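Hello,

Here is the structure I promised to pass on to you.

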Amino acid sequence: MRQPAWLHQGKSCLTSLVAFYDGVPASVGKGKATQVVCLNFCKAFDTVPHNTLLSESWREGIIGWTIEWRRNWLGGRSQRVVINGSMCKWTPATSVVPQRSMMGPVLFTIFINDIDSEIECSLR
């Protein structure tokens with residue numbers, strides 16, 4: 001699996017933040033076009049479509065029984081909403097990566113691995 005451009009291997013989050021806060025004013029000071037985009041992934045695990053995730057896994061070279069295992073692990077889950085004791089009916093969960101699992105972060109990383117594929121800039 002290729003390393004994402006924004007992953008600075010061997011550097012801490014603090015080091016990356018310091019580089020970011022030093023880099024933005026320096027770029028602006030040199031008259032370079034500077035844009036900052038912040039992404040919030042707090043609900044990201046709730047919005048990952050299973051079929052897209054499995055396709056991304058296949059593109060990353062994950063094949064055969066591993067894809068089938070992932071399909072089985074993701075499938076067959078249901079969800080419902082409960083508000084003040086009133087419950088909706090159970091519906092299939094087709095876009096949820098189970099949280100508090102070992103595989104959740106791995107699958108999400110595969111899902112966003114090509115997030116920078118069409119961007120021509122410096123990412124942090």
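You can find Ser-27 in helix H1, which spans residues 13–29. Setting aside residues up to four places away in sequence, Ser-27 touches Lys-32 and Thr-34. Please keep in mind that this is a predicted model.

Now compare a second residue. Is Glu-56 buried or exposed? Glu-56 has a relative accessibility of 8%, so this residue counts as buried, the cut-off for that being under 20%. Glu-56 sits in helix H2, made up of residues 50–59. Its contacts, once neighbours within four places in sequence are left aside, are with Ile-110, Phe-111 and Asp-114.

Then zoom out to the chain. How many helices and strands does the chain have? There are 4 helices and 4 strands, and starting at the N terminus their order is α-α-α-β-β-β-β-α.

A few totals complete the picture:

- Of the 124 residues in the chain, 20% are buried.
- Among contacts with a separation of 6 or more, 65% are between residues 24 or more positions apart.
- The chain has an accessible surface of about 9,500 Å², and carbon and sulfur atoms account for 58% of that surface.

Best wishes

Technical notes:
Residues numbered from 1 in each chain as written. Predicted model: local features only at pLDDT ≥ 70, side-chain atom pairs only at ≥ 80, totals over all residues. Heavy atoms only, no water. Helix = DSSP H or I, 4+ residues; strand = E, 2+ residues; numbered from the N terminus. Buried < 20%, exposed > 50% of the residue type's maximum accessible area, 1.4 Å probe, protein only. Contact = heavy atoms within 4.5 Å. Areas by Shrake-Rupley, 256 points an atom, 1.4 Å probe, with all protein chains shown as cover.
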